[in-house]
Amino acid sequence: QVQLVESGGGLVQPGGSLRLSCAASGTIFSINGMGWYRQAPGKQREVVATIPNAGSPIYADSVKGRFTISRDNGKNTVYLQMISLKPEDTAVYYCNAKIREGRHYNYVEVWGQGTLVTVSS
């Protein structure tokens with residue numbers, strides 16, 4: 001069974017930085033798009049950044065210039081480097097990936113369990 005495991009969340013002061021990691025494990029033939037989403041208390045889940053297998057990443061307007069998404073295909077891992085963090089970035093951050101377990105399988109969307117990022121002084 002394929003799963004995504006996030007790490008790197010925590011408490012940080014405004015203006016600080018954090019780096020989130022998300023590693024995919026299990027039977028993996030290929031991974032297509034990967035991304036990060038977040039859900040703040042009382043709000044709907046929203047996209048933060050996505051990165052295709054090949055091509056340029058896409059960012060939400062609210063994080064452009066502050067967050068950088070990257071991936072290491074050899075490690076089946078996606079990262080989110082966050083700088084200049086603001087209190088409004090406080091949320092549970094989820095990673096997402098479209099994963100295929102075999103050549104004749106369809107891509108399946110998989111979610112991580114989430115990691116909490118709290119930006120507060």
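Colleague: Is C95 buried or exposed?

Modeller: Good place to start! This is a predicted model, and a residue is called buried when its relative accessible area is under 20%. C95 has a relative accessible area of 0%, so C95 is buried.

Colleague: Thanks! How many disulfides does the structure hold?

Modeller: First the general idea: a disulfide is a covalent bond between the sulfur atoms of two cysteines. Here the structure holds one disulfide. C22 and C95 form it, and their sulfur atoms are 1.9 Å apart.

Colleague: Where in the chain do C22 and C95 lie?

Modeller: C22 belongs to strand 3, residues 18-25, while C95 belongs to strand 9, residues 91-100. The two are 73 residues apart, and the pair links distant parts of the chain.

Colleague: Which hand does the link of C22 and C95 have?

Modeller: The link is right-handed, with 40 degrees about the S-S bond.

Colleague: And is C22 buried or exposed?

Modeller: C22 has a relative accessible area of 0%, so C22 is buried.

Colleague: Let me try another residue. Where does V48 lie?

Modeller: V48 sits in strand 5, which covers residues 46-51. With 1% relative accessibility, V48 counts as buried.

Colleague: Which residues does V48 touch, not counting those up to four places away in sequence?

Modeller: Among them are W36, Y37 and R38. V48 also touches I58, Y59, A60, V63, F67, L80 and Y93.

Colleague: How many residues apart in sequence are V48 and G112?

Modeller: They are 64 residues apart in sequence. In space, V48 and G112 are 15 Å apart, C-alpha to C-alpha.

Conventions: Residues numbered from 1 in each chain as written. Predicted model: local features only at pLDDT ≥ 70, side-chain atom pairs only at ≥ 80, totals over all residues. Heavy atoms only, no water. Disulfide = S-S within 2.5 Å. Helix = DSSP H or I, 4+ residues; strand = E, 2+ residues; numbered from the N terminus. Buried < 20%, exposed > 50% of the residue type's maximum accessible area, 1.4 Å probe, protein only. Contact = heavy atoms within 4.5 Å.
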